Amino acid sequence: MRIIIVTLCLIVGLPAVYGQNGNQVKGLLQDSTGQSVIAASVKLKTISDSLVTTSDLNGNFEFKNVNAKSFSLTISSLGYETKTFSFQFDDEKQLDLGTLLINESSQLLREVAVDGTPMITVKEDTLEYRTKDYQLRDGAVTEDLLKKLDGVEVDKDGNVTAQGESVARVRINGKDFFGGDVKTATKNLPADIIEKIQIIDDYGDQANLTGNRTGDPERVLNIEIAPEKNRGDFGNFRVGGGTEERYQLTGMYSSFADSRQFSTLANLNNTNADLFDFNTQGGGARRMRGGRFGGGFGGNQNGLTTTGSIGLNYRKSFWDEKLTTYGSYSYSHNDNSTLSSSFNQNTYPDSLIITNQGNTDEATIGNNHRFDWNVEYKLDDNNFFKLSPSFSLSTSNGTSLQNSQFSQNEQLENFVNRNNVNHNSSPNVGVSGLFNHRFNDKGRNLFVNFSINNASTESDRDEITETYLFGMNASQDSIYQRQLIDLQNKRLNGGTSISYIEPLGENSNIELEYRYDFSNYDNDRIANTVNPDGETEYNPELSNIYDYKFINNNINLNYRFRTDKLNYSIGASVQPSSLKGNTVINNESLSFSRNSTHFAPIARFEYRFSRTKRLSFNYSGRPNEPSYSQLQPVTDISNPQFPVTGNPDLAAEFSHNLYFRYNNFDYASGNSLFVMLNGTMTNDKVVSNRVQSIDEVHGVVQSTTYLNTDGYYSLRGFYNYSKPFLDRKYVVSLNGSANFNNNISFTNSEKNMAQNWVLSQGLNMQINPKEWLEVTPGVRYSFNTTQNSIDNRSNLNIHTWSMEMDSKVYFTPTFLWGLTLNKMSNSGYTSDVDANPFIINTYLEKQFLKGNKGALRLQGYDLLDEQVNISRTVTENTINDRRSNRLARYFMLTLSYRFDKFAGGTGGREQGERRGPGMPGRFGPPGPR
């Protein structure tokens, strides 16, 4: 209780801390030529305290709240000699030191450590964070570090967003780690081996090799290992057991030797902590368009999962790094059971259809294999080759029990029970490659890219449906239907591209590119009906057989101009395409084909106001062809309550995309600002037209067709502002987002506009006034509202308050207490889904052995037993609220050990090393509390 009181007092007392008044010191740094010395480290030291700042773009620096009569200044910067000055105040509160001259170093070629380099730097499409400026303790993992970076957020499920966009891939020293799996790296890699964290807008291998960017980027997290930690061995393991028969066994071992890297991970637990995310797209050179270690408290997957995982990651360079090979293999076995309920609303002009799925019980046993490999060969300075084979296999066996209640205008129409058993298998094998040839140093370049991929999905299903009708069919007995369904979906796709860049001058070039893509699909759905006597017969009405081939050609022409401050490109593309297919439904065969040609402009602009301030703008236009299921002119009634009929007269969509981003970092104060705006408008949007009716056999039926319409657009904005105080002992961050979607759909052939707003505002703080206390409180409010133009009865608003606090208190250097609080307050969800959980996690940990490498921890998870997951999904005329169970209260005792040995001696941080600004070199026990 005393610790909580101390924590609250610190939070309340922050304004008073910030408002301290003291003496002020300012000055100007110049070299012997009169040039300003920027980003230099300026350390002010008194008898009782020390302050650190950096010089700005004009060489100015300033200190406030200097509470001493005399002080010393130590100034250091890369390429300059370190100098120390002594000063004292007279009667004035403000002391202007004037110009201080700094001499150039006579050893300019020798690498020196400079504390005054910026914490955040911008390098075109890259944001780079210098990690030694952040307070980290022994045993911290990469996820702990990411939570401290300005503009970076890690949610309770471990997903990482940077400047408002999701991080899709992770790399170590520029190469994919475990196929780019984000959580594998962030929850397992120790933070004390990291020198830099980079957030990159990656446009693919072609852009990285040629500098010309096309298509849309993906956000990539690149982890740069400190050179002194790139030679050695490190790892850790954890074993634990607890109440509710919970157990955990996890291990990691890594061996780095400059040109060679090897890592292996293994995990066995029933605490919902999987090592790998098999949704990550692994490896691959071709982009034609351009658990905390051991699972922490127990992951955030839906349901209850028993997991066994193992993975290997390897990298090796040969011949002075001319040849590099790297890749990974991952395997996971999961046994999951999930209980959920959902509430679904479909809006129609004169009616509101409610689907209430009261109880859904799902059980799935799955196995996943993933293998990715890459071979990069740099023949010489002008020629580069890369080949990337990949393979994956996913198998699963599952059962599902579901009951659904369908109501129209608050009147019950039918009740449906479903019992499904299914087996799925999805093998995937592919290879991609590229070759880049640079003709000369002036920028003339040839780039060739190719890929081919063969994938299939096979599924066997046993589906039993019982339908109970009410209203006009109240006297009718229930309708029983059993289907044995065999699904086979095969896909062969690939393509190639060739790009030629011709320099037009020192700062400009022109690029001509041709791309060819193809996709072949073969899809069979064979349905057999089992009659009451147990006899099986083929049912053509519930079957659907179709195959088709889509070919797309793309010719691009781009002009690019680039200087130190200005970077822009303009261009256009022409895209002829063809689609051919054949469909068999209900013994009716129909062939179908269409050809089309689209034109799309391209524009990119970036301006650097200074080293710290940058504005960028992108515009792209892109056509999107309808899917084959949207085009096939027959009715698919494989699900009788939701029949679908395609429309062969659909036109292609055309999307206009605008993207703005502004970054500003103040080296001297440490303030950072990120602003992002994104807008999309789509002409000829392919939307659904849903028509509701009452069927004497199936009850409520919602039929779907498709058509083109205008009016769809979306807007998205994000900002993050961070301000540190008192040498980063306190950091305050404000961040917010706004998302708007003007969804268009048709219901009963009447146009409906569903305007969906999602607004969010957050305040987060990092409080580290003393080395023995770490507190990270935060509060966030979000508002989700949808307004339908045809029926206001379905307009529901959701208000969510989320208050959280993560804290650590070190009673002694080796004995600590951790506490995590998370309170959710929701209003607006339907009563069957609504929940306001208060999650309390806590632990006591005793560290031992030299360097605190061993730890014994007693932890309690979800002390109030309120863990649950709720969500809302809004699409066209549909609002879906869903609730599912999650791993709830348990207690566990764990024993962990970490080891590391790097070239030159034992690794890890000795007490006082690699601490952020304001952290004393020697650990001192806390004072009275």
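Let me start with the surface. The accessible surface of this protein is about 41,300 Å², and carbon and sulfur atoms account for 53% of that. Please keep in mind that this is a predicted model. The protein has 929 residues, and 50% of them count as buried. On secondary structure, there are 49 strands and six helices.

Now a nonpolar patch. Which strands each supply at least two residues of the patch? They are S16, S17, S45 and S48. S45 spans 854-861 and S48 spans 890-902. S48 gives the largest share, with three residues.

Take one member as an example. Leucine 858 belongs to strand S45. Is leucine 858 buried or partly exposed? Its relative accessible area is 48%, so it is partly exposed. The cut-off for exposed is over 50%.

Next, the rings. The model holds 25 aromatic pairs. One of them joins tyrosine 253 and phenylalanine 899. Their ring centres are 6.3 Å apart. The planes meet at 25°, so this pair is stacked. The cut-off for stacking is under 30 degrees. Tyrosine 253 is partly exposed, at 31% relative accessibility. Phenylalanine 899 is partly exposed too, at 28%.

On to another pair, phenylalanine 617 with phenylalanine 660. Here the centres are 4.9 Å apart and the planes are at 40°, which makes the pair tilted. Where do these two residues lie? Phenylalanine 617 is in strand S31, residues 613-624, and phenylalanine 660 is in strand S34, residues 653-665. The pair therefore ties together parts that are 43 residues apart in sequence. Phenylalanine 617 has 23% relative accessibility, so it counts as partly exposed. Phenylalanine 660 has 36%, and is partly exposed as well.

Tyr253 and Phe899 form one aromatic cluster together with Phe237 and Tyr897.

Which tyrosine has the charged end of arginine 857 over its ring? That is tyrosine 843, with the charged end 3.8 Å from the ring centre. A second case is arginine 872, which lies over the face of tyrosine 829. The distance to that ring centre is 5.8 Å.

Last topic, backbone angles. Most residues other than glycine have a negative phi. Glutamate 245 has a positive one, about 60°, and it is not a glycine. Where does glutamate 245 sit? It is in the loop between strand S16, 231-242, and strand S17, 247-257. Both of those strands supply residues to the nonpolar patch. Glutamate 245 itself is exposed, at 71% relative accessible area.

Tryptophan 319 is another non-glycine residue with a positive phi, near 50°. This residue lies in the loop between strand S19, 304-318, and strand S20, 323-348. Is tryptophan 319 buried or exposed? Its relative accessibility is 57%, so it counts as exposed.

To recap the points to look at on screen. There is the nonpolar patch, with S48 giving the largest share. There is the aromatic cluster of Phe237, Tyr253, Tyr897 and Phe899. And there are the positive phi values at glutamate 245 and tryptophan 319.

Terms used:
Residues are numbered from 1 along each chain as its sequence is written. This is a predicted model: local features need pLDDT of at least 70, side-chain atom pairs count only at pLDDT 80 or more; totals for chains, interfaces and linings use all residues. Side-chain values use heavy atoms; hydrogens and water are left out. Helices (H or I, at least four residues) and strands (E, at least two) are DSSP runs, numbered from the N terminus. Buried means under 20% relative accessible area, exposed over 50%, partly exposed in between (1.4 Å probe, protein chains only). Accessible areas come from the Shrake-Rupley method with a 1.4 Å probe; for residues, only the protein chains shown count as cover. Rings of Phe, Tyr and Trp (its six-membered ring) pair if their centres lie within 6.5 Å; planes under 30 degrees apart count as stacked, over 60 as edge-to-face and the rest as tilted. A charge sits over a ring if NZ of Lys or CZ of Arg is within 6 Å of the ring centre and within 35 degrees of the ring normal.
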